[in-house]
Structures are given as C-alpha cells and as structure tokens.
Amino acid sequence: MVSILEGLHPHEYEHPFDAKALDSLQGTAGLEILSRKFLKNGIERFYTIQCRGSNLQVTSSNYAEIYKQLVDVCNVINVEAVPDLYIESDGSINAMTVGVDNPLIIVTAGAIDHLSQSEMAFLLGHEIGHVKSRHVLYHLMAGSLAFAGGVVGDYTLGLGNLLTMPLRWALFRWSRMSEFTADRCGLLACQDFDNVVSTFIKMAGLPEKYRDQIDRQSFIKQASEFESLDFEKTSKWLKLASSLNRTHPWTVLRSAELIKWVESGEYQQVLDRQTVDRLRIRYEGSFQFCRRCSYRLQGTERFCNSCGQELRPSNQIL
Ligand SMILES: [Zn+2]
Ligand SMILES: [Zn+2]
C-alpha cells in the first residue's frame, strides 16, 4: 500500500550533493548568459515540439492505464499539474523530461513493456522529481553539451562558444548529482525499495532471458562496494562519467546512494511526514527560527508563538 505524502516538498528529500553542486553551478561565470540565450533561441521549445511531434501521447482515453499510473504518482508525491506524457518507440528502458514551463515526460516503449506497475511508479516518480525540483532547464542545457559544436551548437548560432570548460563541468557535475534527488523522489513515489533495485537492474542491461531471475542481493552488494569511493572529493568518477554516453549511467552508483538514504532512516522520516518542519523552521547554528516571520524559537513548540504557523506535524515526537 502506497501512502499519499501530503504537502511533500523537495526540501524534504533533496540530496545534499545536488544542492552543493547547484550552488557552485550558479556561482560559475556565464551561466546566466547561457540560460538566457538558451531560452531566447527557443532551444527548449525545439525539444518540446520535437517530442510532441514524434511520439505517442498518453491521455485519459489513450493508453488510459498508463495515464492513471501517472495521475496516481502525481497524487502520491504532491504534484497538482499532471505533466503530459508521451511514449517513444525505443526498446531500451528509459525516460526523460523536457519543457521548462510546461514539462512533458517521455517514457520508452521498452519501459512500458518491461517494468511492473511499481517499477513504473519509480521511473515516473524520478522524472516528476526533476520537475518538482525545477531541474529541467539546466538539464536540457547539460544535455545539449553532448552536441555542443555539433547539431545544437550550430542550431544555436554560437551557443557552443559560451560553454567555457568550467561551466561545462559545473553543468555536467550538477546534472549527475541531480539524479540522486530524482531517485529519492522516485522511491517516495513507489515506496518499495526492492522494486527500485529491480528497475535499476533492468536499466543496467539485464538480458531479457534472465528477467525472471533478478538477483537483488548481489546487485545491492555490488552497489555497497562503491561506498568507499568518496566521489565528492575525487574527480575520477567525473572522468569516468564523461566517458559514458548514456542519460542515466551508473545505476550501481545511484543505487548505492539510495541505499545509504534508506539506511540512514531519513527515507522513513519522510514517509512518516517528520520532515515537514524542514520547510517551516530555519536552522542557524544551534538556533531555530520560524521561516515565515523569523521569530526565534525555543525548539520544542508545535506552533510559532509569534505568527501561529504550525511548525511540526502533530505525530512528531520531540
Ligand atoms: Zn533523471
Ligand atoms: Zn512565525
């Protein structure tokens, strides 16, 4: 049984590496100009039109079963505006999101063929996670780096020249880190870690022939072995990453990050809605303040004594 996470906000589950990488990306010279050019030249519109024109649309009357799943996932992770959904005729298991103002999600036919309902909830939840955290613009920018100097570079009339090396790396690094946040959102959507692991195994390329023999334990063991790699400090993994050409590489690494989150107990705290206070309380050193009115809090109250804002859910034990 999947529980509805009322009022779920990305601050409750955002991966700290994502936030950090975003900070440094936003501090990198040239990002602003690049973003403005990107939007002005209609590159993101180009992606959107291309997707709408070449894929099958899923609606409440067309492939209604898939549409219902999308609506259910949106409901679980607190998304009111259900994004448009399209199916791409591609046998691999994948999904992506385009469209900054009106996001639309594309899932491959392979994903629909090979994923169970719960696995699909993870995949859709992951994509909606990108929408919730407003990742789409920078993602599209990072995605077009792959073609910089090529198709998109020409199309954008010199956009490639704006992509300095530091900016390129910052975008790339952030786009990878943002996957960790989206994975957490995906897990919150399907609420079944085993099904997340089996999705990763299928995405990692498990041959069709062995789809009935999924060995989650050995995959988890493989993922856990990555823990010794401190990829916050080393740039080695970035180099490895840049040599891979796939949208969602390193399923193993992503699983490792998700395992850590589950084991830390934070995932359960979000499910139990104990993380709601992260939105309402600002922590500064050992002090706490009401985010709404900046009143200094004792740290134990349920409501702000100054503005009356509820600070903590009633079921939270202090
Ligand atoms: Zn993603
Ligand atoms: Zn207040």
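In what order do the 4 strands of the open sheet with mixed pairing stand? The order is β1-β2-β4-β3, in a predicted model whose local features need pLDDT of at least 70, whose side-chain atom pairs count only at pLDDT 80 or more, and whose totals for chains, interfaces and linings use all residues. Residues are numbered from 1 along each chain as its sequence is written, while chains are lettered from A and ligands numbered from 1 in the order in which they are written.

Across the chain there are 16 helices and 7 strands, taken as DSSP runs numbered from the N terminus (helices H or I, at least four residues; strands E, at least two). Of its 318 residues, 36% count as buried, that is, with 20 or more other C-beta atoms within 10 Å of their own C-beta, placed from the backbone. Among contacts (C-beta atoms, placed from the backbone, within 7 Å) with a separation of 6 or more, 66% come from residues 24 or more positions apart.

To return to the sheet, strands pair here if DSSP finds at least two bridges between them. β1 (56-58) and β3 (95-98) each have a single partner strand and stand at the edges, so one side of each has no neighbour in the sheet. From one strand to the next, the twist averages 30°. Strand β2 (residues 84-88) pairs with strand β4 (residues 104-108) in the parallel sense over 5 bridges, and D84 has L104 of β4 as its bridge partner. Lying across β2, β3 and β4 is helix α3 (residues 43-54), which runs at about 130° to β3; angles run from 0 to 180 degrees between N-to-C directions, with axes fitted to C-alpha atoms, for helices over the stretch in contact.

Now for a helix pair. The axes of α11 (residues 193-203) and α14 (residues 251-263) come within 10 Å and cross at roughly 170°. The two helices are therefore roughly antiparallel (an angle over 145 degrees). F193, V196, V197, F200 and M203 of α11 make this contact with T251, R254, S255, L258 and V262 of α14.

Just after α14, G265 adopts a positive phi of about 90°.

Key
Angles under 35 degrees count as roughly parallel, over 145 as roughly antiparallel, 65 to 115 as roughly perpendicular and the rest as oblique. Two residues are in contact if their C-beta atoms, placed from the backbone, lie within 7 Å. A residue is buried if 20 or more other C-beta atoms lie within 10 Å of its own, exposed if 12 or fewer, and partly exposed in between; C-beta atoms are placed from the backbone.
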